[in-house]
Amino acid sequence: IPLNVRDIVYCTGVSLLDEDVWEFIWMKFHSTTAVSEKKILLEALTCSDDRNLLNRLLNLSLNSEVVLDQDAIDVIIHVARNPHGRDLAWKFFRDKWKILNTRYGEALFMNSKLISGVTEFLNTEGELKELKNFMKNYDGVAAASFSRAVETVEANVRWKMLYQDELFQ
């Protein structure tokens, strides 16, 4: 597979085919030593339509021996971008926030990237309320990132309210 389309091919394969393909890509991820190939394979795993596999990947991302710490953020963000995994990533983020914040809290850029990546596609009143309630419990260095996330989600909710019907028509 040519390098310039490998990510698209892997992602499409994982999204359209069954769990065996996901397992094949997972084994390929573990067996390759090329860093760029590992990143492409790991990102492809987040393309699955199978919520159980996405949940499994999210949980595996916390194991530093399986997924490098810097790559775990990308796993969580890419699952959040997957329409089948958005709510899983959001729940995972909230449930594991203390672990994630401990791991990335010192690296403000990484923490900010994680917060914006997980919340950027939230677009319902319920999700906005969850975000606001969640951020009440956490201040400090992440406060600015959470405030920006609230602004983004508020804009998403407004956009959806204004244009959803028109878009579907």
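Predicted model: local features only at pLDDT ≥ 70, side-chain atom pairs only at ≥ 80, totals over all residues.
Helix 1 (residues 3–16) and helix 2 (residues 19–31) pack at an angle of about 140°, and their axes lie 8 Å apart. Axes here are lines fitted to C-alpha atoms, for helices over the stretch in contact, and angles run from 0 to 180 degrees between N-to-C directions. Helices are DSSP runs (H or I, at least four residues), numbered from the N terminus. The angle makes helix 1 oblique to helix 2; angles under 35 degrees count as roughly parallel, over 145 as roughly antiparallel, 65 to 115 as roughly perpendicular, and the rest as oblique.

Residues are numbered from 1 along each chain as its sequence is written, and side-chain values use heavy atoms, with hydrogens and water left out.

Which residues of helix 1 and helix 2 meet? Tyr10, Gly13 and Val14 of helix 1 are in contact with Val21, Trp22, Ile25 and Lys28 of helix 2, where contact means heavy atoms within 4.5 Å. By class, this contact has 5 nonpolar, 1 polar and 1 charged residues. Ala, Val, Leu, Ile, Met, Phe, Trp, Tyr, Cys and Pro count as nonpolar, Asp, Glu, Lys and Arg as charged, and the others, Gly among them, as polar. Helix 1 also holds Asp7, which is partly exposed with a relative accessible area of 35%. For this term, buried means under 20% relative accessible area, exposed over 50%, and partly exposed in between (1.4 Å probe, protein chains only).

Let us turn to helix 4. In helix 4 (residues 51–60), Leu53, Leu54, Leu57 and Leu58 are buried. These residues cover an arc of only 140° around the axis, which puts them on the same side of helix 4; the arc is that of the directions from the helix axis to the C-beta atoms. An α-helix has 3.6 residues a turn, so residues three or four places apart point the same way. The cover over the buried residues of helix 4 includes helix 2, helix 3 (35–45), helix 5 (69–81) and helix 6 (86–95).

Is Asn82 buried or exposed? Asn82 is buried, at a relative accessible area of 8%. Leaving aside neighbours within four places in sequence, Asn82 is in contact with Thr46, Cys47, Ser48 and Leu54.

Helix 7 (residues 97–104) has Trp97, Leu100 and Tyr104 buried. Seen down the axis of helix 7, these buried residues fall within an arc of 65°, so they line one face of the helix. Lys98 and Thr102 are exposed on the other side of helix 7.

Finally, I come to helix 9 and helix 10. The axes of helix 9 (residues 125–136) and helix 10 (residues 143–168) come within 10 Å and cross at roughly 165°. The two helices are therefore roughly antiparallel to each other. Helix 9 contributes Glu125, Leu128, Leu131, Lys132, Phe134 and Met135 to the contact, and helix 10 contributes Phe146, Ser147, Ala149, Val150, Val153, Glu154 and Val157. These residues divide into 9 nonpolar, 1 polar and 3 charged.
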